[in-house]
Amino acid sequence: MEEDHGAGAFVGWTLLGGLLLSIGVMLVGLIWSGLTSQSQTSHVLPLDEIGDHLRNGDPAAILALGILILFATPVVGVAAACVAFIRVRDTPFIAISIGVIGILAVGFALALR
Amino acid sequence: MAVIATSLGGGNVYVRRRMADVRLGLLLALATAPSAIIGALLATQVNARLLAAMLAAVLAASAYGMLNPHAQTDPDQTKTEVDSQPSSLHLQTTYQEPSTGETVTYRVTRIPMGVCASVLAGLMSGLLGVGGGIVQVPVMHTLMRVPIKVATATSTYVIGITAVAGAFVYYNHRPSYVDPSLTIPVTIGVFLGASVGSRILGRVSQRGLRSIFTAVLVIYSIQMTLRIFGIGGG
């Protein structure tokens, strides 16, 4: 039970850290947008264009990165739970958490079509 | 985005306090995540009024389930009962009730039925862009006999995973359904609200929380019904 408590804390802090990081990155994008006097568009950058725009210092890409960190955080949370299950050798839930990550990967792949 | 921020803002508190059952949450996510992807892919092709009618019906059924005294679960199952029926899945069987400091014992039942019902929660989440919690909390509480506080906390954790499954589809749709001008205020606002709400949950009684949740279901159901007839916007 004590091991479970540690795992809960590990997963919980991962979720909070990811959320705060995403808000921070989005705020940087907003401030950068103000400093460079670039107005925000009404639509976010497509996934396959974010990398190129980030290299050019586009604030819209920084904002999009913050959104993607937000989206990725629950996935990282599941990965953190998987690590915790590996530590306690909980085989059924190692398989279940890998299955959930796999399903989320399918969702990401479908979005890229 | 609001659902994901809600899940992260509230879920991190619930998971750290062991009020949310991560194992049960992941088991249900295995059902909700794929159905949320299917829902998100179908969302642009399904009539909005039909969606509203579906949601109104599901909410009304959920509210009925919450009001049904035979389906209500009180966290008073004895430890003997729990110990006599060990689960091979090692699901959580206790949580600490924040309002009293007591360790409450319970047992999760009808796991296969709960997983099947969670498919509906995922489909609703993907189709309507809402958190599946409005379906999942009644399923966990009335069907799986999970105390409502644990059900609420676990659902808060799961809805983020469910929403992410469909979120990339919404994000990369051309034009995208994500409005960048709303992202920061929505994320920060929801994070603050969820953080406060997750702390208030501990102070509310089981009965009080069940009443509040049932009232929300009824109001939401009426709102959806009005939307079918073009009243109230949407």
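**Reading the interface of a two-chain model**

Colleague: How many residue pairs does the rule find in polar contact across the interface of chain B and chain A?

Modeller: The rule finds two residue pairs in polar contact across that interface, both at pLDDT 80 or more. A polar contact is a pair of N or O atoms within 3.5 Å; within protein, one must be able to donate a hydrogen and the other to accept it, and residues adjacent in sequence count only if both atoms are side-chain atoms. This is a predicted model, in which local features need pLDDT of at least 70 and side-chain atom pairs count only at pLDDT 80 or more, while totals for chains, interfaces and linings use all residues. Residues are numbered from 1 along each chain as its sequence is written, chains are lettered from A and ligands numbered from 1 in the order in which they are written, and side-chain values use heavy atoms, with hydrogens and water left out.

Colleague: How many residues does each chain give to the contact, and what area is buried?

Modeller: Contact means heavy atoms within 4.5 Å. Here 55 residues of chain A and 45 residues of chain B take part. Buried area is the accessible area (1.4 Å probe) that two parts lose on being put together, summed over both. For chain B and chain A the value is about 4400 Å², with 78% from carbon and sulfur atoms. On the side of chain B, Arg23(B), Phe168(B) and Tyr171(B) lose the most area to chain A, together 17% of what that side buries.

Colleague: Is Asp90(A) buried or exposed?

Modeller: Buried means under 20% relative accessible area, exposed over 50%, partly exposed in between (1.4 Å probe, protein chains only). Asp90(A) has a relative accessible area of 6% and therefore counts as buried; Arg23(B), at 9%, is also buried.

Colleague: Which residue forms a salt bridge with Glu97(B)?

Modeller: The partner of Glu97(B) is Lys149(B), at 2.5 Å, N to O. This pair links distant parts of the chain, 52 residues apart: Glu97(B) is in the loop between strand S1 (94–96) and S2 of chain B, and Lys149(B) is in helix H7 of chain B. Because its relative accessibility is 0%, Lys149(B) counts as buried.

Colleague: How many aromatic pairs does a search of the whole structure find?

Modeller: Rings of Phe, Tyr and Trp (its six-membered ring) pair if their centres lie within 6.5 Å; planes under 30 degrees apart count as stacked, over 60 as edge-to-face and the rest as tilted. The search finds five aromatic pairs over all chains. One of them, Phe71(A) with Tyr171(B), is edge-to-face, with 6.0 Å centre to centre and 85 degrees between the planes. The pair crosses between chains, from helix H3 (residues 59–87) of chain A, which holds Phe71(A), to helix H7 of chain B, which holds Tyr171(B). Phe71(A) and Tyr171(B) are both buried. Together with Phe108(A) and Phe168(B), Phe71(A) and Tyr171(B) form one aromatic cluster.

Terms used
Helices (H or I, at least four residues) and strands (E, at least two) are DSSP runs, numbered from the N terminus. A salt bridge is a side-chain nitrogen of Lys or Arg within 4 Å of a carboxyl oxygen of Asp or Glu.
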